[in-house]
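Trainee: I would like to go through the side-chain pairs of this protein. Please put the structure up.

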Amino acid sequence: MTLAAERLAAEWAAALGIPYDTESLRTAYYAQLLHLGSAQGTDDPELLSADAQRLLLGWVTALGAPAEIAMGPGTLPVRQAAGWLAERFGDAARKLAVLFCREADTYVSEHDSPRRAAAREEVQRVLALQQPRVVVAHSLGSVVAYEALWHRPFDLDLLITLGSPLGMPHVFYERLSLGEGNEQSKGQRPPGVRRWVNIADIGDIVAIPRDLPSRFPGIDAHHEVSLGPIASHKATRYLARPEVAAELGHLLSHD
């Protein structure tokens with residue numbers, strides 16, 4: 001496991017309130033597989049690729065931005081979209097959206113690109129190595145995990161998705177890749193998963209739509225929570241929620 005993966009696993013273990021060791025918790029870390037170069041860290045929306053700019057425009061539309069935001073010549077729409085995000089949700093939300101769109105576009109730009117397949121394969125590799133009973137997936141990770149579990153089914157007692165954009169129209173939902181013969185199963189629980197729980201913060205701009213079961217009837221339980229205005233998408237805040245502890249405790253109590 002890489003140093004970045006170990007650090008992430010240690011952070012998640014602390015948030016869950018459990019001791020960290022690689023026997024009990026391991027992360028599938030794929031960020032390096034979606035890194036395209038030096039512009040990766042910038043939050044300037046005009047430096048996004050054309051496809052990533054379209055993702056940003058689709059996102060702000062889903063968040064309720066006026067229709068005229070997406071109109072105009074050149075890079076004007078994306079500047080307006082970023083400005084609207086900052087005005088409505090704060091500058092931290094604008095930065096999050098720009099960086100998220102860059103990584104998301106790298107993942108979904110092609111239906112089965114080598115980078116997309118490599119990210120899924122990293123999840124599948126860790127599943128095969130760890131043989132877990134539970135998978136917890138946050139943000140874009142919920143999209144990668146959902147696809148990975150369809151492309152190569154794995155027996156799980158519990159899948160927990162946190163701050164998931166799986167149902168975001170024109171950004172992820174229509175672009176999901178479930179593998180040959182599975183496209184009609186979009187929205188269903190992945191094969192081999194016994195229970196699927198989704199948790200979304202009421203102010204999380206990534207978890208759109210928050211009522212994910214409306215598009216994913218395969219979800220067994222859905223919780224809308226409040227993490228506070230500053231950390232509404234932070235993984236560790238989600239992991240510390242009592243709903244997560246209750247789901248894990250319920251599973252352990254039946255051993």
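Predicted model: local features only at pLDDT ≥ 70, side-chain atom pairs only at ≥ 80, totals over all residues.

Mentor: Residues are numbered from 1 along each chain as its sequence is written, and side-chain values use heavy atoms, with hydrogens and water left out.

Trainee: Is His233 buried or exposed?

Mentor: His233 sits in the loop between strand 4 (221–225) and helix 7 (235–239); helices (H or I, at least four residues) and strands (E, at least two) are DSSP runs numbered from the N terminus. Buried means under 20% relative accessible area, exposed over 50%, and partly exposed in between (1.4 Å probe, protein chains only). Because its relative accessibility is 11%, His233 counts as buried.

Trainee: Which side chain does Asp157 meet in a salt bridge?

Mentor: A salt bridge is a side-chain nitrogen of Lys or Arg within 4 Å of a carboxyl oxygen of Asp or Glu. For Asp157, the N to O distance is 2.7 Å, and the partner is Arg133. The pair links distant parts of the chain, 24 residues apart, with Asp157 in the loop between helix 6 (140–151) and strand 2 (158–162). The loop between helix 5 (114–130) and strand 1 (134–138) holds the partner, Arg133.

Trainee: How many residues apart in sequence are the parts tied together by Arg195 and Glu247?

Mentor: The side chains of Arg195 and Glu247 meet in a salt bridge of 3.0 Å, N to O. Arg195 lies in the loop between strand 2 and strand 3 (196–201) and Glu247 in helix 8 (residues 242–253), so the parts tied together are apart in sequence by 52 residues.
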